[in-house]
Amino acid sequence: MDFKQLKAVIAVSETGSVTRAAQLLHLVQPAVTRQIKALEHELGVTLFERSPAGMHTTAAGEILVDRARRALTELDRVRTEIVPTPHDVRGIVTVGILDSMSDIICNALTSVLAQNYPGIRLRIVSAYSGHLQQWLDDGDLDLTLLYNLKKTSDLNVTPLAREQLWLIAPSGGAVLDPENAVDLTMVDNQPFVLPNPGHGLRILIDQAAVRAGITVTTAAETNSMRVQKQLVQGGHGWTILPGISVANEIAAGTLQGSPIADPLACRDVVKAVPRTAHPTPAVEVVDHALTSLLKAATDSGAWPQATWHAP
């Protein structure tokens, strides 16, 4: 098994075609076919199901493709981390950003690193907290933002900030003021656009509704925060979101919002890294930059209704 064979397997898996994989790898088609067949012979398994519709990975092929991607990523890390001088920080860093915080942090983080550490190749993954934690556990992330997570046997967790959740409504009609907190009792039986059941934010919303003694009528459910905001803008109902995720829409007047005061609905945003991994200099640089930018956003008010907890 060699790296050329692994690259061939990944390329065929991604394109579904030996011909397109050969074009991607700048090889002739018979060479890619030979690499696949040699690997199948060595492992004693069939990696692809061949049909007129294309090449599809078998169960064994799926396992190999997943492991091969990780192996090649680690090789790429080795190449970028072998530096010509001790002062030139280089490397690949994959960082997870909560969907709700991507607008406020991704551009700033990329700009800071590009200006001060051009040798760092940043990979940003944006998703919900549950997905990010799973990818961190699987070794696909170097560090990530999560919420409402305590220390675990596998992760080092650093509390960063506590933020209040916001009541969000369509523009016009109701009057919600970002400067004035509201009580959830004002929306008893109001139709709501909610995250799907089981989602971390949905759990917080359900808990807040129980504490307030209100009934939340579900108008729609979605696993996409972007869709959640679009449906509220379309007048399908109200919702509850972190203030940071709707700051731009509230400033533009396309949504209305107020922090929720009674009962206090909030989430704790944390930073998590694997306990078992020794952070590279590049990871340490990204960790520091991410923390500093979030602290600055809290101090400036760009992260609305957030209280900084980290040192």
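This is a predicted model: local features need pLDDT of at least 70, side-chain atom pairs count only at pLDDT 80 or more; totals for chains, interfaces and linings use all residues.

Me: How do the residues of the contact of H1 with H2 divide into nonpolar, polar and charged?
Reply: Seven residues in the contact of H1 with H2 are nonpolar, one is polar and two are charged.

Me: At what angle do H1 and H2 pack, and how far apart are their axes?
Reply: H1 covers residues 3-15 and H2 covers residues 18-25; they pack at an angle of about 125°, and their axes are 8 Å apart. Because of that angle, H1 is oblique to H2.

Me: Is the crossing right-handed or left-handed?
Reply: H1 passes H2 in a right-handed crossing.

Me: Which residues does H1 use to meet H3?
Reply: From H1, the residues are Lys-4, Gln-5, Ala-8, Val-9 and Val-12. They meet Val-32, Gln-35, Ile-36, Ala-38, Leu-39 and Glu-42 in H3. By class, the contact of H1 with H3 has seven nonpolar residues, two polar and two charged.

Me: And the geometry: how do the axes of H1 and H3 cross?
Reply: H3 spans residues 29-43, and its axis comes within 9 Å of the axis of H1, with a crossing of roughly 105°. H1 and H3 are therefore roughly perpendicular to each other.

Me: What does UniProt list for residues 1-58?
Reply: The UniProt record, an unreviewed entry, lists residues 1-58 as "domain: HTH lysR-type". Over residues 1-58 the chain is 62% helix and 14% strand. The end C-alpha atoms of that stretch are 18 Å apart.

Me: Let us change topic. Which domains does the domain assignment of the chain give?
Reply: The assignment gives domain 1 as 3-82, domain 2 as 91-160 + 267-308, and domain 3 as 162-266.

Me: How many residues of domain 2 are in contact with domain 3?
Reply: In domain 2, 15 residues are in contact with 20 residues of domain 3. The C-alpha centres of domain 2 and domain 3 lie 25 Å apart.

Me: One last pair. At what angle do H8 and H9 pack?
Reply: H8 (residues 225-233) and H9 (residues 243-252) pack at about 40°, and their axes are 12 Å apart. H8 and H9 are therefore oblique to each other, and their crossing is right-handed.

Me: Which residues make that contact between H8 and H9?
Reply: H8 contributes Met-225, Lys-229 and Gln-233, while H9 contributes Ser-245, Val-246 and Glu-249. The residues of the contact of H8 with H9 divide into two nonpolar, two polar and two charged.

Terms used. Residues are numbered from 1 along each chain as its sequence is written. Side-chain values use heavy atoms; hydrogens and water are left out. UniProt positions are given in the numbering used here, feature names are shortened, and annotations may be inferred rather than shown by experiment. Helices (H or I, at least four residues) and strands (E, at least two) are DSSP runs, numbered from the N terminus. Axes are lines fitted to C-alpha atoms, for helices over the stretch in contact, and angles run from 0 to 180 degrees between N-to-C directions. Angles under 35 degrees count as roughly parallel, over 145 as roughly antiparallel, 65 to 115 as roughly perpendicular and the rest as oblique. A crossing is left-handed if the near helix is turned anticlockwise from the far one by less than a right angle, and right-handed if clockwise. Ala, Val, Leu, Ile, Met, Phe, Trp, Tyr, Cys and Pro count as nonpolar, Asp, Glu, Lys and Arg as charged, and the others, Gly among them, as polar. Contact means heavy atoms within 4.5 Å. Domain bounds come from an automatic or database domain assignment.
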